Amino acid sequence: MSHFFVVATNENGIITDEYLANDLQRALAKPFDFSDVFIYSHGWWNTPNRATQDYNRFTIEFAQVIRGLVAAAPSSKLPQTSLGIGIYWPSMLSADPSAFFNNFQAASFYTMEKRADAVGEHAGFFLLKSIAAAVTSASQSKLTRLHLIGHSFGCKVLANALQTLTEDKRDKNDLDALNQLTLSLVLLQA
């Protein structure tokens, strides 16, 4: 069985769900025993509604493909149980698609580039640290793979999350924990 979280942030990359840390910790512990964690990040010029639709469509279609592959080769190392985490960050001037100043969205390129960096440095970093803590914890023994999938400026979100983690001098154990996992990074239209 798979599960999916949407992690909403503000423009500074601060996660707006005050219960997320607890929920994520519970999801990464027994009895779930996820073998794979997928973190997705959308790109520039996305409304909350469109990002949710894209994440929903992607996770359903992806699950169909994986289930078909598992049925064809049940002994393979394909994901048996997975946790999907979609990062939603405000990548438009306004979340209201009909707002007048969204007509100037093209001029926000550099602002959104910096916003994507901030989301990676804060929300993405938090997610990677949470996963690292689960790997070092005795309560999570099945997690073997971490997949990061970014589209457009979502590539910057995930790359900055990884960079922030590697530069974090406070806790080298996080990097060691993630080194125990097979890591895949997919950058679409980077």
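This is a predicted model: local features need pLDDT of at least 70, side-chain atom pairs count only at pLDDT 80 or more; totals for chains, interfaces and linings use all residues.
A search of the whole structure returns 14 aromatic pairs. One of these joins phenylalanine 38 and tyrosine 40, whose rings are stacked, with 6.4 Å from centre to centre and 10 degrees between the planes. Phenylalanine 38 counts as buried because its relative accessibility is 4%, and tyrosine 40 likewise counts as buried, at 5% relative accessibility. Tyrosine 40 also pairs with tyrosine 55, and here the ring centres are 6.0 Å apart while the planes stand at 35 degrees, so this pair is classed as tilted. Tyrosine 40 and tyrosine 55 are both buried. The residues of these two pairs, Phe38, Tyr40 and Tyr55, belong to one aromatic cluster that is formed together with Phe4, Phe58 and Phe62.

Helix H3 (residues 109-136) packs against helix H4 (residues 153-167) at an angle of about 45 degrees, the two axes being 7 Å apart. This angle makes H3 oblique to H4, and the crossing in which H3 passes H4 is right-handed. On the H3 side, the contact is made by Phe109, Met112, Glu113, Ala116, Asp117, Val119, Gly120, Glu121, Gly124, Phe125, Leu128 and Lys129, which meet Phe153, Lys156, Val157, Asn160, Ala161, Leu162, Thr164 and Leu165 of H4. Sorted by class, the contact of H3 with H4 comprises 11 nonpolar, 4 polar and 5 charged residues.

For H1 and H3, the axes come within 10 Å of each other and cross at roughly 35 degrees, and H1 passes H3 in a crossing that is right-handed. The residues that meet are Leu20, Ala21 and Leu24 from H1 and Phe126, Leu127 and Ser130 from H3. In the contact of H1 with H3, 5 residues are nonpolar and 1 is polar, and no charged residue is present. Arginine 26 is also located in helix H1 and counts as exposed because its relative accessibility reaches 54%. The C-alpha atom of arginine 26 is separated by 9.6 Å from that of alanine 134, although the two residues are 108 residues apart along the chain.

Backbone geometry was considered next. Most residues other than glycine have a negative phi, and most peptide bonds are trans. In the model, a cis peptide bond with omega of about 15 degrees joins lysine 30 and proline 31. Proline 31 is placed in the loop between helix H1 (20-27) and S2, and the loop between H1 and S2 is likewise the place of aspartate 33. Aspartate 33, which is not a glycine, has a positive phi, near 50 degrees. With a relative accessible area of 18%, aspartate 33 falls under the 20% limit and is therefore buried. A positive phi is also found at serine 152, again a residue other than glycine, with a value of about 55 degrees; serine 152 is in the loop between strand S4 (145-151) and H4.

Tryptophan 45 lies in the loop between S2 and H2 and is partly exposed, with a relative accessible area of 35%. When residues up to four places away in sequence are not counted, tryptophan 45 touches Arg50, Ser91, Met92, Gln105 and Ala106. Tryptophan 45 and alanine 72 are 27 residues apart along the chain, and their C-alpha atoms are separated by 38 Å.

Asparagine 10 is found in the loop between strand S1 (3-8) and H1 and counts as partly exposed, at 23% relative accessibility. Once its neighbours within four places in sequence are left aside, asparagine 10 is in contact with Thr16, Pro90 and Val119. Of these contacts, Val119 is also listed among the H3 residues that meet H4. From C-alpha to C-alpha, asparagine 10 and glutamate 61 are 28 Å apart in space, with a sequence separation of 51 residues.

Definitions and conventions. Residues are numbered from 1 along each chain as its sequence is written. Side-chain values use heavy atoms; hydrogens and water are left out. Rings of Phe, Tyr and Trp (its six-membered ring) pair if their centres lie within 6.5 Å; planes under 30 degrees apart count as stacked, over 60 as edge-to-face and the rest as tilted. Buried means under 20% relative accessible area, exposed over 50%, partly exposed in between (1.4 Å probe, protein chains only). Axes are lines fitted to C-alpha atoms, for helices over the stretch in contact, and angles run from 0 to 180 degrees between N-to-C directions. Helices (H or I, at least four residues) and strands (E, at least two) are DSSP runs, numbered from the N terminus. Angles under 35 degrees count as roughly parallel, over 145 as roughly antiparallel, 65 to 115 as roughly perpendicular and the rest as oblique. A crossing is left-handed if the near helix is turned anticlockwise from the far one by less than a right angle, and right-handed if clockwise. Contact means heavy atoms within 4.5 Å. Ala, Val, Leu, Ile, Met, Phe, Trp, Tyr, Cys and Pro count as nonpolar, Asp, Glu, Lys and Arg as charged, and the others, Gly among them, as polar.
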